[in-house]
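Please look over the strands and loops of the model shown below. The report can be read alongside it.

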Amino acid sequence: MDEVKASMAGSVWKILVKEDETVEEDQDVVILESMKMEIPLSAEESGVVKEIKVKEGDFVDEDDVVIVIEPE
């Protein structure tokens, strides 16, 4: 399983994927907002979104898991 983790503390501004959706390597899956900046988080490998662990508006800390991807 590949875990997409928050690169810094911030709020989940937008979730760009749904569970069971296929994603490609380097595809943006979540956008965080921190200090009025938008920070995209990308999938590190291709696969299927198995679990979304956050909702839009949630606050996350650095290294929190936001999405779990099962490699194809």
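## Basis of the model

This is a predicted model, in which local features need pLDDT of at least 70 and side-chain atom pairs count only at pLDDT 80 or more, while totals for chains, interfaces and linings use all residues. Residues are numbered from 1 along each chain as its sequence is written, and side-chain values use heavy atoms, with hydrogens and water left out.

Helices (H or I, at least four residues) and strands (E, at least two) are DSSP runs, numbered from the N terminus. Two strands are taken to pair if DSSP finds at least two bridges between them.

Two bridges join β3 to β6 (residues 47-52) in the antiparallel sense. Thr22 is placed opposite Val48 of β6. In general, strands of a sheet pair through backbone hydrogen bonds, either parallel or antiparallel.

## The sheet β5-β4-β2-β7

Another open sheet, also antiparallel in its pairing, has four strands in the order β5-β4-β2-β7. At its edges are β5 and β7 (59-60), each pairing on one side only.

Within this sheet, β4 (residues 28-34) pairs with strands on both sides. Antiparallel pairing of β4 with β2 (residues 10-15) runs over four bridges, and Ile15 stands opposite Val30 of β4. Antiparallel pairing of β4 with β5 (residues 37-42) runs over six bridges, and Leu32 has Ile39 of β5 as its bridge partner. Strand β4 is mostly covered, with five of its seven residues buried (under 20% relative accessible area, against over 50% for exposed and partly exposed in between; 1.4 Å probe, protein chains only).

## Ser34 in β4

Which strand holds Ser34? Ser34 is found in strand β4. Ser34 counts as buried because its relative accessibility is 9%.

Apart from its neighbours within four places in sequence, Ser34 is in contact (heavy atoms within 4.5 Å) with Met8, Ala9, Gly10 and Ile39. The side chain of Ser34 also reaches the backbone oxygen of Ala9 at 3.0 Å. This distance falls under the definition of a polar contact: a pair of N or O atoms within 3.5 Å, where within protein one must be able to donate a hydrogen and the other to accept it, and residues adjacent in sequence count only if both atoms are side-chain atoms. From C-alpha to C-alpha, Ser34 and Val60 are 10 Å apart in space, and they are 26 residues apart in sequence.

## Loop residues with positive phi

Met35 lies in the loop between β4 and β5. The hairpin of these two strands has two residues between them, and Met35 there takes a positive phi near 50°; Met35 is a residue other than glycine. Met35 is exposed, with a relative accessible area of 67%.

Asp20 sits in the loop between β2 and β3. Although Asp20 is not a glycine, its phi is positive, at about 75°. Is Asp20 buried or exposed? Its relative accessible area is 58%, so Asp20 counts as exposed.
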